[in-house]
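Subject: Structure handover

Hello,

Here is the structure I promised to pass on. Please open it next to this email and follow along.

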Amino acid sequence: MPTGSGLLLAATAVALLGLGWLADYPELVAVGFACLAALLLAAAWMLLRPDLAAVRDVRPQRVSPGEEAFGVLTLILAGETVAGRRLQVPVPSLRPGQEHTANYPLPTGKRGIYQVGPLTIGHTDPLRLMQVGKTYSTYSTLYVHPKLHRVEPVPSGQTRDMDGPTSSYAPQGGVAFHSLREYVPGDDYRLIHWKSTARTGALMVRHNVVPNQPRLLVVLDTSSAGYTDNTFEYAVSAAASLAVAAMRGGFPLELRTTAGGVVASDARGDGVLAAMDLLAAAERSPGDPGLAALPAMVTLDDSVSLGVVTGEPDPRTLSVLPVVRRHFLMASLIQFSERPEAWSTGLPGIVTLMAHSVEEFVQAWNKLTRTS
C-alpha cells in the first residue's frame, strides 16, 4: 500500500500531467511520467516478499513509572503496538539466514498493565513510496508498577516480643508455647508432651506459635467517588509503599482493594511481586462499594492492624471506620485530596492523616509513626 510520500507523489504526478497537457508544456508531462514510473517501480519492489520470523521479548517486564523498559526484537521495517500506540522500529536489510536484534524503548510513563503486540513486519522500497507488511499475533505484557516510597509500616500499637502473649491465630512454628493439642501426622515427635499423653490416653503435642505477631491489613479504596486522577495515583502509590514496607519489615500482611482484589504475605516477605501486580492493575470503578466493603473484611483474628487509603469519600461512607475499629488493634486512615477545606476533622479512635500529594504523605506519615 502507498505510504504518505507515495500518495503525495501520486497526487503530484496527476497534477503535473494535467497542467502539462492543459498548458502544452511537455517538460511538465515528462516529470509527471517520471513520478508515475517511480510509483510503478516501488510497486514492483513490493512483489519481493521476504520470509521473516520474529521473536519479541520485553525487558524488564515489570518497572515503576518513568523507568526504562525495552522491547527486544530478534529478526525490514517492523511496527510494534503497545496499548494501541504504534511504535516504528527500523531494522536493516538482512541476507538469508542473517539475524538482527533491535532494542526499542517502550512507554512507561503511566502505571498500568500494557499489552505489547501485535507485531507487524514488513518492508518498503528505497524511496519509501510503498510498503507491505505481515501482522503476527504475538503478545507480551509490560507491568508498570506504582512508584514506591520509603515509609514505615502501618502501626500496630504493639512491639514484637518473643516472650509476649500468643493467640490461636498466630503463625505456627515459633518458640512460644500456646497450648496442647492432639497429635496429627507430620508433627515433630520432639513436641510430644508425654505427661499429658499418659493422662489423656492420646498423643498430645505442644502447639508452639510466633508470639505477639501483629498482622497488618492494608485496604485501598478503588471506588470512583472522592478521587481525581492525581489523588487516585497518590493513593495507589501510598498503598503500595505501605504494603511493601510491611513485607520487608517481616510483618504478615494482607493487601486488599475494595473491588475484591487480595494478596496475602507471610512474615517471610513473600508476595511483593503479587502485590505490585495487583496495584498496577488497580482502577477506579463507579460500581465499587468503596469503604462500605470494610465490614466484610473483619475476621476473628484480634491481632490485626488496619490501614485504609482513600481519597475524599462522602462523610457518611467514612462513618464505617469507627464501627469496625473495635475489631482491630489499631486503625489508620490516609486521605488524599486536592481540596483541603473538604477534609474530615478526624474520626474517634482512628489515626488520621491527610495529604495533598504522595510526597507530603511520606513525610507526614514517617514523622507520625516514628513518634507514636
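One cut-off first: a residue is called buried under 20% relative accessible area, exposed over 50%, and partly exposed in between. Keep in mind too that this is a predicted model.

**The tyrosine pair**

Take tyrosine 183. Its relative accessibility is 22%, so tyrosine 183 counts as partly exposed. Tyrosine 189 has 58%, so tyrosine 189 counts as exposed.

How many aromatic pairs are there? The count comes to 5. Tyrosine 183 and tyrosine 189 form one of them, and that pair is stacked. The ring centres are 5.8 Å apart, with 15 degrees between the planes.

Phenylalanine 361 and tryptophan 365 also form an aromatic pair, and this one is tilted. Here the figures are 5.9 Å centre to centre and 35 degrees between the planes. Both residues lie in helix 8. They are 4 residues apart, about one turn of the helix.

Which residues do ring pairs link into a cluster? They are Tyr234, Phe336, Phe361 and Trp365.

**Helix 4 against helix 8**

Now look at the helices. Two packed helices are described by the angle between their axes and the distance between the axes. Helix 4 covers residues 229-248, and helix 8 covers residues 358-371. They pack at an angle of about 35 degrees. Their axes are 9 Å apart. The crossing of helix 4 with helix 8 is right-handed.

Which residues meet there? Helix 4 brings Tyr234, Ser237, Ala238 and Leu242. Helix 8 brings Val358, Phe361 and Trp365. By class, this contact has 6 nonpolar residues, 1 polar residue and no charged ones.

Serine 241 is also in helix 4. Its relative accessibility is 2%, so serine 241 counts as buried. Leaving out residues up to four places away in sequence, serine 241 touches Lys147, Leu148, His149 and Val151.

Find arginine 62 next. Arginine 62 lies over the face of tyrosine 143, at 4.2 Å from the ring centre.

Aspartate 277 touches Arg62 and Tyr143, and also Ile113 and His145, not counting residues up to four places away in sequence. Aspartate 277 sits in helix 5. It has 15% relative accessibility, so aspartate 277 counts as buried.

Where is aspartate 288? Aspartate 288 lies in the loop between helix 5 (272-280) and strand 15 (304-310). Its relative accessible area is 10%, so aspartate 288 is buried. Setting aside neighbours within four places in sequence, aspartate 288 is in contact with Thr222, Ser223, Thr258 and Ala259. Aspartate 288 and alanine 259 are 29 residues apart along the chain, yet their C-alpha atoms are separated by 5.5 Å.

Valine 14 is in helix 1, residues 4-22. At 59% relative accessibility, valine 14 counts as exposed. Valine 14 and leucine 36 are 22 residues apart along the chain. Their C-alpha atoms are separated by 8.7 Å.

Aspartate 24 is in the loop between helix 1 and helix 2 (26-45). With a relative accessible area of 67%, aspartate 24 is exposed.

**Backbone points to check**

Most residues other than glycine have a negative phi, and most peptide bonds are trans.

- Aspartate 24 has a positive phi, near 55 degrees, and is not a glycine.
- Arginine 59 and proline 60 are joined by a cis peptide bond, with omega about -15 degrees. Proline 60 is in the loop between strand 1 (55-59) and strand 2 (62-63).
- Glycine 117 to proline 118 is also a cis peptide bond, with omega near 0 degrees. Proline 118 is in strand 7, residues 112-124.

Best wishes

Technical notes. Residues are numbered from 1 along each chain as its sequence is written. This is a predicted model: local features need pLDDT of at least 70, side-chain atom pairs count only at pLDDT 80 or more; totals for chains, interfaces and linings use all residues. Side-chain values use heavy atoms; hydrogens and water are left out. Axes are lines fitted to C-alpha atoms, for helices over the stretch in contact, and angles run from 0 to 180 degrees between N-to-C directions. Helices (H or I, at least four residues) and strands (E, at least two) are DSSP runs, numbered from the N terminus. A crossing is left-handed if the near helix is turned anticlockwise from the far one by less than a right angle, and right-handed if clockwise. Contact means heavy atoms within 4.5 Å. Ala, Val, Leu, Ile, Met, Phe, Trp, Tyr, Cys and Pro count as nonpolar, Asp, Glu, Lys and Arg as charged, and the others, Gly among them, as polar. Rings of Phe, Tyr and Trp (its six-membered ring) pair if their centres lie within 6.5 Å; planes under 30 degrees apart count as stacked, over 60 as edge-to-face and the rest as tilted. Buried means under 20% relative accessible area, exposed over 50%, partly exposed in between (1.4 Å probe, protein chains only). A charge sits over a ring if NZ of Lys or CZ of Arg is within 6 Å of the ring centre and within 35 degrees of the ring normal.
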